[in-house]
Structure formats: C-alpha cells, structure tokens
Amino acid sequence: MTALAPPAATGGRIHPRGGRSGVTWMALPALLMFLAFGLVPLVGVLLLSFTTWDGIGQIHPSGLTSWRNALADPELPHSLFVTFEIMIISWLVQTPISILIGVFLAAFKRYRGFLAVLYFIPLLLSSAAISLTFKALIDPNFGIGEGLGISWLKQNWLGQPRLAMGVLIFIVSWQYIPFHALIYQGAVRQIPTQLYEASKIDGATGLRQFFSITLPQIKYTIITSSTLMVVGSLTFFDLIYVLTNGGPGDATRALALEMYKKGFMANLMGPASAIAIILVLVGLLLAQVLRRLGGRGDESQLEGM
Amino acid sequence: MNDSGLSRRNFLGLAAGVAGAATLAACGSSGPSSSSGSSGGAASYWSLSGPPGQPYRQAAIDRFNAANPNSKITGTFYQNDDYKQKIKTALGAGQGPTMIWGWGGGGLKSYVDGGQVLDLTDWFSQNSAVKSKLLPSTFGAATVNGKIYAMPIETVQPIVLFYNKKVFDQVGVKPPQTYEDMIALIPKFNAKGIAPFSLAGASRWTNMMWLEFMLDRNAGSDVFNNVFAGKPGSWSDPAVLDMLTKVQDLVKNKAFVNGFESVVADQNADQALLYTGKAAMMLHGSWSYGIQVANGGDFVKSGGLGWMNFPPISSGKGDPSNTVGNPGQYLSISSKAPAAAQETAKKFFSTVLVDDTEKSGWVKSGGVPVLANSDSLYTGDDAQYLKDMSSIASKAKVFAQSWDQALSPTAAETLLDNIAKLFQLQVSPQQWVDNLNGVIGK
Amino acid sequence: MTTTINATGTPTRQTQQRERPSRGKKLLKMNWIGGSLGWIWLVIVIVPLYWIVITSFKTQANYFLTNSFEPPSHPTLDNYQTVLDNDIIRYFLNSVVVTLGATVPAVVISFMAAFAIVRGVGNRWLRWINNMFLTGLAIPLQAVIIPIYLIIIRLKLYDSLLAIILPSIAFAIPLSVLVLRNFIRDVPRELFESMHMDGATEWGILWRLAFPLTRPALVTVTIYNGLAIWNGFLLPLVLTQSPEQRTIPLALVNLTGQFGVNFPAIAASVTLTTLPIVVLYALGRRQLLSGLTAGFGK
C-alpha cells in the first residue's frame, strides 16, 4: 500500500462497478424505525392540521379552518422571531467562545484531565436540573443576590423580556459550550504543525495564523458543530418550558412552545398541528442550507500535502 | 488494529447485552396501569399533589381500599399545571383515569362535549341521601346543560386577601378597610423594602384573581355573566377598561413583589414570600392557609397570618360580600371506563366521600368542606379561620367561579395569556378587550 | 519528517510527540484571549456547581437565614434522606434503562445505515434512504408528539419505558447517520476495496474495518445521543403517566413542586442524580477523550 493515498477524490462519485446492493439491507433497520416513528407521525400531523380537534373528543375534518386560525394569530410570527433570535444569538455567543476555548485546550497540556472533567459536567446535567438551579440562583428574593448582598444580581432576571432572553442564552451556552469546545479541541489538534511552521517562516503572527490557518482547517468542524447547534436550538423546549414557560408574557415563547400551548393548553390541536408543520418546514429549510454548506466535504483536507 | 480499549468483539457483546437488558427491563415494567379492564372493578383516580390536599385524598382512597379489598382504587397525583395538561392528553387517547378530578365549569363542559364523562343526574336523584349531604351551592359548577356531570368534593375555596400581621406591626400600619386604604399602603411598604403584594405572576391564574375582584367590586357581576353567556362584545363595558387601567397602574406603582413575573404558584413561592416577611399581603385561594401551616414553620400558629375578604371600592357598584373562587372541586366518572370500575367509583362517591372522616379531614386541612353541617368541627387552632371562610362563602351574594375554570379551555388560555401580557405592560387595556372579545363563546 | 498511515488510517507525523510542547508554547502565547476565557469559563462552570453542593447540605431554615454562598455551619444529610425516600433511585434506574436501551440500538443501526450509504454509492435506493434521513433532520420531536402518542397507544406500550425508547431511537437516527456518514466518507476507498478483494463480506468489512476507523465519530455520536435521551423531557412527560415509569428530568420537576422553595432538597436531588454520571465520566474519561480527539475534525 502506498504511504499516502491519493486524495480521495473519487470519494463521492460513482464506482465503476456500480452501486452495491449487497449493503442495502444494512440500512433497513434504521429506515424502518425512522419510518414508524418519524415519517408516519409526520403524515399524521399533516392530516391533523386539516381537522378540528380539542384533544378530548372526536376529530372533525375541517379543511382549512385550522390553518386560517394558525396563520391569523399574531403569536405565530412572533414565535418565529423568538426562535430565530434564540438560534442566532446562541450561535453567535457559543461558536467564538467554543473555538477560542478549544484552541486553548488543544495547546494546554497541564491539568488537561482535571479541566476536562470539570468542563464536561454541565453537559451531564439534565436541562431540568440546570434550569431549576439557575432559577433558584437568580431568584431576586431568595437567590445569590440576596445571599451575597449584590444588588446587581437581584435584578428581575426572568421577569423582564430582554433579561429573560439573556438568561436563556446564557444557560444554553453554559450547557453546550464545553461540548463544542471539546470538539474544536480535537479538530485543532489535528491540524498539521507544518502549516504553522511554514507560515512562521513567511513571517505570520499568531493572530494571522489563527485566521489564515486554524479557522480554515477546522471549517468542516465548524459546520458540524454549527449543524448540531442550529438543529438543537430549533427544538429547544424543555429548557424554556422549565425556566420561563415562554414568559415573561411571550418574550421567550419559541415556536415549539407556541405549538405546545396551542395544542395542549388551549385545546386547539388543529392549529397546533399547523404550527407543527411550519416548524418542520423551517427545519427542512435549515437542513438544506446546511447541506449545501457541508456537501462539498468530499475533498480531503490533506489535498496538496 | 488499534487496541486502546474496547475491541470490536467486546463492544458488540456489550451492546447486545445492554440493549437486551434494557429492553427486558422496559417491557417488564410496562403495561397501561390505568383503567382498562382489570378484574373486579379496580379503578383509578388522578388528582393534585402537594399540601394541603394530597394527604386527605390519599386517606380517602386508603379508607375505601380497606373496606373494599376486591375493587381497589389507585391514586396518582400531579402538580397543578402539570395535571391540567396530563389529563387532556390521557383523555384524548382514551387512557384517562376512571375518576376525573377537576374544577367544573368550562373544563367539565369540554369533557361533556367530548362524551368523556357520565351523566350523574339520575344517579343523584336515586341517591338523594348523598345529595343532601352536600351544600347546594356547590352543584352549580357541576351542571352542564341542566344535567349534573360531577360530584362536588373537598372544599369550598373563596379567594382571600392574606396579610402578614408581623410586617404590618413592624411598619406601623393597620389592615385596610377599603380599596383606597390598600392602595395607600403601597408606598409605605415599598419605603421599608417590603413588597406590598406577593404574586405568582408566572402562573397567571393568580394575577387573574386581581382582575376578578377589581371588576366585581367596581361593576358587579353582570359583565362576566354576559361573557359567560356568550354575548358578543361583553368585554367592551367601560368598567372593564377602567379596571384594566387600574391594574396596570398597580404594576407601575410597584405594588407587586420584584420579580413577580417569574414566581411560580406551584412551587408555593408566593406563599413563601408572605410568611418570610418579604411581602406584606397576598391575594390567594383559601387553600393557601393549609400550605402556610405546612411550610411556614410556626408563622400561622404564632398568629402571624391575617385574612379578609377583598376590600370594597368606595365608588364601586359591586356588593362587597361577593366573592370569587372555586365553589368546590369536582369528580367525574369516565364514560370510557369499564362498567365495574364505574360502579366502584359510584361506591366511592356514596360512601367514603361523604363520611364524617372526610369532613373532619378537610376541616383539618384548613378548608371549608363541601359537606354540609361542618360548623361544629371548627375548633382548635384553625377555628377562627374556618369560621371566617365559611361565613364568606355562605354570606356571599354572588360566589362566582374563577374565570379560567368557568370559560372553555380555549378561551381560558387566551384570557390567561392576555392577563400575563397586561401585567407585563405589553398590551394596552383596549387591545386586551379586543383580544378577549374575539374568543367569547369559543 | 516521515508520513505514514497508522493503524487507524489517519496520516500522522512521527515527530508530533516531540513537537507538541513547542507548538503548545507558541499557541499559548498567542492565545491569551482563549486562555483567560478558558479560566473565566471555569469559574462560571464551578460557581453553580459549588452552590448546588453546599446548599444540599443545609437545612431549609438555615438556607433562608444564611448567606447563600457560605458553606453550611451544621451540615446535614437530611435532604439526601428525603430525596432517597422519594424514590429517586427508581427514577434514576428508569433513566439508565431508557438511555442505554435507546442509545445503543440507535448508534448501531445508524452506523450500519451510514456504512451502507457510503459503500452503496450509486444505488438508487440508498440515495433515496439518505435523502430521507436528511429530511428527518428537520423533523423536531415536538412537532409529531401527538401522532407518536397515538401510535404508542395502539401498540399498547403506553406508560412503559419502551414507549420512551422507541421514538428516541428513531429521532437519534438522522443526525447519527449524517455524522457517521461524513466520517466514513473520509476513509480511503482503497482500504475497503482491498478487504473486499481479499474476500471479506460487507458485513465483515463493516465490523473489522469501518468500525475501528470510525470509532471517534461513534463515540461522539453515542455521547451526544446518550445525553439527549438522558435529558429527554417531552417524551416521558407525554408517554408515561405513573410514578413508576418516571425518569429523572420529570422526577426533578415533580420534586420541585413538592419541595416548593425548599432549595436544599432540590439541590440534593440534583446532586444525587448527577453524581453517578460524573463519577462514570471521570473514570471513563480517558477512553472518551482519546476517542473524541483522535480523528474528529475531518
């Protein structure tokens, strides 16, 4: 075998001998599972959106009534806005911090073990546990602010829209930055030092190296990490539900919560199903966009070495 | 082959073993535990958890099971807001409990419309002894379209203005006699760093109590009666706009505790604010007494807790004796349960739920039972409170049902949502009225 | 500097070991931002954890009276006792069963599917299946919870742990397949071909070649899914009802209702439910980290 395989340029293209049907069956268990609990319910929700049902009695087909109800509600655009707000801001907060910490971790050998354990703990806690803990901590009357006498901490964190959103993003970041930092750490350690050597000879400074070498080399990691982040934030429910339940008012009422409230609390399963379909469409759109970005991953990053 | 750690074989073996064990464990503990056809009429019962009620609900079930070992009742308890959602999911897919606990009114009506509950009118006619043991006023919320679909149980719960006597003494003020007095107290408490009113703003139905009383004291019961009757545009009465503006004024004047928007009633956090002296007053349901006894140490025992009916508004048209709250709690029987289970439920209704232990139990919980002739039991530490509650409930010219329970769940959700926004100053009184008018009759 | 392909199929630099310290120093110098951020972040992580632990040893009365951040003057184990009395062990076991029972099958079948998709390039069916999974990425659980609920009822699985496990597996598949597929794609084709020419079956290639090479991604996917399922709230909320089937997140929320503002008790429940996981992680960390960092970043 040659020491270095030729770039895997033939990676995604058609093999001269044609596809392998011998492997198809391997995909079947996953397919079946997914069909049963993913696709079939999806069709079910689509059908439900054309009915009127209060969740208790009979399901009545009702054409576009539920859709009209859902689309006419001003809460719908609002919750879409909230969802994107959360998604974008948490990405903006998490990605840079994770990359920086990841690079730091990659270089820093001492205490790596100890740090790693500590960093990972937030990820191990359930969203419910974290929300409850922070809720208690920032309680203006019984929390740290009161305990330490720091009045800045006694603010109405969860009672004011901007602050509540901030707290939410902070908690999400608290929980997930460690994970992404670890991913980036792994990616950075993979970067061949030759690149840095070469650039040093050309006179590049640390900052320049960071932007011209580090970042491009971890491009696919950024995409994978961002995929996880974005897909994850679209489906945030538990954290928001326990922390603010969409409040104050509707300041943190993301789309998933709006759907839940409409269906399970206002007994409007039809419109809730319509919102569910919208949720799916938004997700589909995002998946497509991310696929475009990540789809060129066939080239090996070692090309040209 | 890289050997650090798990080899392929070990991994596969581990995977298979784990998955297999997990599946077995999962299956072993499976099976719907609810009402679907077990032998001998075993029945299920869902209700709310926590003080003060849960121990007494469990006690009733235990009493019944001791006397009826062949047709036992299993009780499951959920937190308030959790329960409201859980019961709907369960009913929606035919997996509800035999006995459905609720607040009557609009919620009950949605069950009736869905064909989920038994018509008990005839049963009550045949069992007039049972009916006569219950206070007649409690049947209102159990009646839909002229028929009775639930049995009144537990306690009558008017909403009451509680106050911390110690805090009042500390600040040197007297309990208010009128609404205007009450408003004048706000700056006095704020000046001393004590919140005038505790409020569980995150739960919303606690905020609603304010609107209910302020509207009633201001304009009487007609407005809401019209809304309830489904008359279009009923919310457009000028008294409503006035009341809404007053509410927002209260918020702007910092009448409510800092951070009220995130205080959750289910955690009894609002009561904690009162009994720890961080707030001076609190408008809440009469069941709060039992919670404060349970959680507040010796706050109640040492005489720290005061209570009164919501004070009258000087220029208001409403009768000052009016009150609002839960005329009772209600237990319905699922129409989808097997016949034997339904019979067990009926037996439960006619025996344990109306016996003397039940009555004295609820009295001990700090509540006025729906069972008649409880007055003789009002003794001991809680005597004065119980007498006052009983008096408020029986002397009220109008005992209105809480709005979110009287209305349908759909309208109720819009109501609560808009109330939250009102307190958040996110919606104007006129917008509030328009939004609510939009769901009248829905 | 020689370049070889080591056993895991990734090119390595033989001299990397010797070079790392100096590169480390260089990176460290330029990355003081990252450094200080790292330390700040550590504090941000530790503070709430510290708070949870010390609060769990205070009595409720004490908690309200003393400074939140002071260690307890009279530490007590009462809260832990209360929590244990409230059946927390059972809820913990439920969570373990659900997490293992869902994660392992999910990763295994996703791995098989990813392998099939990469190896079977050109096959129409597999391309279709691939697109199906990509579409699946877009389906959030919340959107289809009602129909899933109805399906579970029909299968007579309501109020069982299996009711949580099955949909969890299904929802773990799309992302797992995506990540695994991307990773397998980077394995040089020639490796597969040579094994195939040696007469190995696809199944054999799957386990003897692809599995070891893909291990980093498998570890990542397992952890990610495991954590997601462990944290799962909506599925247990809707698909189970009796306390016997409760998992940890549900139990915690339930306990808060019960404990009200009894923060020490809440803190004890959080600590108790997390401790075993933390211990597990501390023990298995080396294994995890080597897997995570060995080849990720492709």
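How much accessible surface does chain C have, and what share of it belongs to carbon and sulfur atoms? The accessible surface of chain C comes to about 11200 Å², and 65% of that belongs to carbon and sulfur atoms. Please keep in mind that what you see is a predicted model.

Let me stay with chain C for a moment. Its secondary structure amounts to 14 helices and two strands. Chain C has 298 residues, of which 65% count as buried. If we take the contacts in chain C between residues at least 6 apart in sequence, 68% of them join residues at least 24 apart.

Now chain A. Here we have 13 helices and two strands. Chain A has 305 residues, and 61% of them count as buried. For contacts in chain A between residues at least 6 apart in sequence, the share joining residues at least 24 apart is 68%.

Is A:G283 buried or exposed? A:G283 counts as buried because its relative accessible area is 5%, and the cut-off for buried is under 20%. Leaving aside neighbours within four places in sequence, A:G283 is in contact with A:L234 and with C:A138. In sequence, A:G283 and A:L234 are 49 residues apart, while their C-alpha atoms are 7.3 Å apart in space.

Next, the interface of chain B and chain A. Chain B brings 29 residues to this contact, and chain A brings 29 residues. Between them the two chains bury about 2300 Å², with 51% of that area on carbon and sulfur atoms.

What about the polar side of this interface? Four residue pairs are in polar contact across it, with both residues at pLDDT 80 or more. The count of salt bridges between chain B and chain A is three. One of the salt bridges joins the side chains of B:D417 and A:R253, at 2.4 Å from N to O.

Which helices of chain B each supply at least two residues of the side that touches chain A? They are α3 (80-92), α4 (105-113), α12 (269-275) and α18 (409-423). Sorted by class, that side of chain B holds eight nonpolar, 13 polar and eight charged residues.

That is what I have for today.

Definitions and conventions
Residues are numbered from 1 along each chain as its sequence is written. Chains are lettered from A and ligands numbered from 1 in the order in which they are written. This is a predicted model: local features need pLDDT of at least 70, side-chain atom pairs count only at pLDDT 80 or more; totals for chains, interfaces and linings use all residues. Side-chain values use heavy atoms; hydrogens and water are left out. Contact means heavy atoms within 4.5 Å. Buried area is the accessible area (1.4 Å probe) that two parts lose on being put together, summed over both. A salt bridge is a side-chain nitrogen of Lys or Arg within 4 Å of a carboxyl oxygen of Asp or Glu. A polar contact is a pair of N or O atoms within 3.5 Å; within protein, one must be able to donate a hydrogen and the other to accept it, and residues adjacent in sequence count only if both atoms are side-chain atoms. Helices (H or I, at least four residues) and strands (E, at least two) are DSSP runs, numbered from the N terminus. Ala, Val, Leu, Ile, Met, Phe, Trp, Tyr, Cys and Pro count as nonpolar, Asp, Glu, Lys and Arg as charged, and the others, Gly among them, as polar. Buried means under 20% relative accessible area, exposed over 50%, partly exposed in between (1.4 Å probe, protein chains only). Accessible areas come from the Shrake-Rupley method with a 1.4 Å probe; for residues, only the protein chains shown count as cover.
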